[in-house]
Protein chains: 2
Amino acid sequence: MKFEVSVLDWFAKLWEIEKNEYWGYVTTGGTEGNLHGILVGREQLPDGILYTSEDSHYSIFKIARMYRMRCVKVASLISGEIDCAQLETSLLANKDKPAIINLNIGTTLKGGINDLDLVIKTIDKCGFTNDQFYIHCDDALFGIMLPFMKQALRISFKKPIGSVTISGHKFLGCPSPCGVLITRLKYINAFSRDVDYIASRDATITGSRCGHAPVFLWYALTIKGLTGLENEVHNCIFKARYLLNQLRGAGIGAMLNEYSNIVVFERPLDDNFTLQSLCIAKDVGSRNCACSIHKLSRNY
Amino acid sequence: MKFEVSVLDWFAKLWEIEKNEYWGYVTTGGTEGNLHGILVGREQLPDGILYTSEDSHYSIFKIARMYRMRCVKVASLISGEIDCAQLETSLLANKDKPAIINLNIGTTLKGGINDLDLVIKTIDKCGFTNDQFYIHCDDALFGIMLPFMKQALRISFKKPIGSVTISGHKFLGCPSPCGVLITRLKYINAFSRDVDYIASRDATITGSRCGHAPVFLWYALTIKGLTGLENEVHNCIFKARYLLNQLRGAGIGAMLNEYSNIVVFERPLDDNFTLQSLCIAKDVGSRNCACSIHKLSRNY
């Protein structure tokens with residue numbers, strides 16, 4: 001528990017929430033964090049509709065089904081991020097119901113980072129007051145990277161968000177799936193209950209949890225330190241840009257979002273990395289496509 | 001995956017279901033197994049009512065809330081097992097809705113073993129046909145013990161059950177929470193979906209899973225073997241009976257169910273094991289109570 005609290009305090013500080021105002025725990029991975037954050041949202045707003053972009057991790061749609069929530073799938077931009085114009089249309093069409101919004105920071109396949117600030121502005125523009133919406137941030141991979149990049153989106157509980165989750169086995173490299181979930185303490189009393197035989201309150205999804213995971217997380221954060229993490233982030237971004245340029249130089253269409261280390265390109269045909277020069281503009285945008293038609297229309 | 005399949009095959013054989021007829025996975029613990037089994041039941045019978053005894057693990061009630069299922073709490077006998085007369089009354093009062101029944105094999109606090117055969121007989125007596133009910137067996141601790149005790153309840157997929165789950169960190173002693181869930185393959189297609197980017201179908205609760213857990217389970221099963229497990233089970237039962245007799249000999253009321261290794265007695269006042277001689281008959285039955293009134297009425 002000491003390791004766990006120490007890890008949670010670290011993330012609470014990162015996401016700007018006071019020690020006496022947050023509640024969190026070390027989860028079994030990204031999905032449990034999403035299961036928890038979305039459940040907190042649903043318990044706050046029982047008839048809320050879940051909005052999430054079509055590029056969201058498949059677990060979000062699984063969770064909507066598990067929780068019997070109405071789920072509105074919002075279109076994505078070519079970058080993978082949620083299309084706020086579409087979100088606005090969807091919100092206005094369902095103004096009578098509260099909104100529970102899942103934000104991907106970023107998306108699994110393209111690393112598209114949902115623009116939290118623009119989403120908040122959109123909700124506001126649609127006339128939803130603070131007690132009519134709940135935002136869950138699925139920060140699985142990028143949650144630990146963005147804070148080390150200037151100008152990148154800032155995730156903070158000073159903004160009207162309800163919960164944030166990251167994975168420990170992704171950027172931090174823990175040897176078994178784990179994650180961190182942080183939410184506002186005020187939400188937790190609503191669905192926890194005293195459990196006499198463990199002399200504790202249970203407000204988690206899986207109940208018993210692995211004692212190793214907090215140690216792995218604590219170790220990763222401690223051994224790397226802020227400077228180590230910053231260096232790793234910049235190194236990843238540098239290598240992703242290098243790969244992008246090498247692929248493009250070899251005539252292979254490829255895409256890389258800003259602040260992302262995910263390079264997207266066509267699936268090779270075999271282990272020898274044989275690539276077809278198919279048009280992939282529909283998936284990654286014409287400026288990232290290297291097919292004969294799109295190559296002619298620009299230089300890179 | 002090889003370790004996982006090997007572990008699952010072992011349990012499939014124990015619970016008498018053919019390799020091509022079962023589906024299962026290694027979970028993060030008892031709660032995930034229950035989350036999965038009850039979800040399979042709900043997807044089979046969407047408007048089914050969840051029946052579970054008041055002595056059930058707290059996670060069952062948490063799950064009912066998560067899944068937005070109506071939950072009927074059935075009274076327990078003094079042993080902790082479900083009161084089938086009460087179950088019958090509840091089933092008959094809700095005959096218009098299918099029944100999803102959670103069975104505790106055994107209960108967390110008293111080790112009361114729900115009588116699967118009597119429950120099936122009760123469902124049958126109430127006129128529920130095979131497509132109107134689903135039984136999930138929460139075998140957390142005893143699932144691995146009962147098969148090694150003659151005359152004990154037999155858990156088998158030859159009986160009309162839908163899913164069985166056990167914990168790996170309890171009797172088998174794995175060093176981190178894990179478990180096994182087995183269900184019928186035919187149920188799984190209903191709620192799994194193809195996930196392109198992992199080149200697999202996801203039909204689990206938590207998605208990514210720990211690679212160590214199947215190894216721990218495989219190791220525990222292999223190193224102990226059937227004979228080793230049998231010896232451990234008999235040793236546990238022997239020690240539980242010894243403790244019961246020692247407590248009773250010291251004038252302390254205590255209870256031990258048949259086929260159980262859980263000795264129930266009053267919570268000591270301090271670390272020196274100071275016990276009050278309060279009447280605990282309400283909790284463990286008068287024949288297990290050592291208070292002055294109940295002690296007088298019998299000899300042990």
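Predicted model: local features only at pLDDT ≥ 70, side-chain atom pairs only at ≥ 80, totals over all residues.
**Stop 1: the annotated lysine**

Select A:K170. In an unreviewed UniProt entry, the annotation "modified residue: N6-(pyridoxal phosphate)lysine" covers this residue. The lysine is in the loop between β6 (163-167) and β7 (179-184) of chain A.

Buried would need a value under 20%, and exposed a value over 50%.

Now show what surrounds A:K170. Leaving out residues up to four places away in sequence, A:K170 touches A:A140 and A:L141. The side chains of A:K170 and A:S167 are joined by a polar contact of 3.2 Å.

**Stop 2: a helix in chain A**

Select residues 30-44 of chain A. This is helix α2, with 15 residues. How far apart are its end C-alpha atoms? They are 21 Å apart.

**Stop 3: where the chains meet**

Colour chain A and chain B separately. On chain B, 38 residues are in contact with 38 residues of chain A. The area buried between the two chains is about 3200 Å². Carbon and sulfur atoms give 53% of that area.

Next, look for charged pairs. How many salt bridges are counted between chain B and chain A? There are two. To view a salt bridge, select A:E43 and B:R65. A:E43 forms a salt bridge with B:R65, and the closest N and O atoms are 2.7 Å apart. Polar contacts between chain B and chain A number 15 residue pairs, counting pairs with both residues at pLDDT 80 or more.

Which elements of chain B give two or more residues to the side that touches chain A? They are α2 (30-44), α3 (58-66) and β8 (193-195) of chain B.

**Stop 4: cis peptide bonds**

Select A:I105 and A:G106. A cis peptide bond joins them, with omega about -10°. A:G106 is placed in the loop between β4 (99-104) and α5 (116-125) of chain A.

Switch to chain B and select B:I105 and B:G106. These two are also joined by a cis peptide bond, with omega about -5°. B:G106 lies in the loop between β4 (99-104) and α5 (116-125) of chain B.

**Stop 5: positive phi angles**

Select A:F273. Its phi is near 65°, a positive value in a residue other than glycine. A:F273 is in the loop between β11 (263-265) and α8 (281-284) of chain A. At 39% relative accessibility, A:F273 counts as partly exposed.

Then pick B:Y259. This residue is not a glycine, yet has a positive phi of about 65°. B:Y259 sits in the loop between β10 (254-256) and β11 (263-265) of chain B.

**Stop 6: a strand residue**

Finish in chain A with A:D202. This residue lies in strand β9 (residues 200-202) of chain A. A:D202 counts as buried because its relative accessibility is 4%.

Methods. Residues numbered from 1 in each chain as written. Chains lettered and ligands numbered in written order. Heavy atoms only, no water. Helix = DSSP H or I, 4+ residues; strand = E, 2+ residues; numbered from the N terminus. Expected span 1.5 Å × (residues − 1). UniProt positions renumbered as here; feature names shortened; annotations may be inferred. Contact = heavy atoms within 4.5 Å. Polar contact = N/O pair within 3.5 Å; in protein donor to acceptor, adjacent residues only side chain to side chain. Buried area = accessible area lost by both parts, 1.4 Å probe. Salt bridge = Lys/Arg side-chain N within 4 Å of Asp/Glu carboxyl O. Buried < 20%, exposed > 50% of the residue type's maximum accessible area, 1.4 Å probe, protein only.
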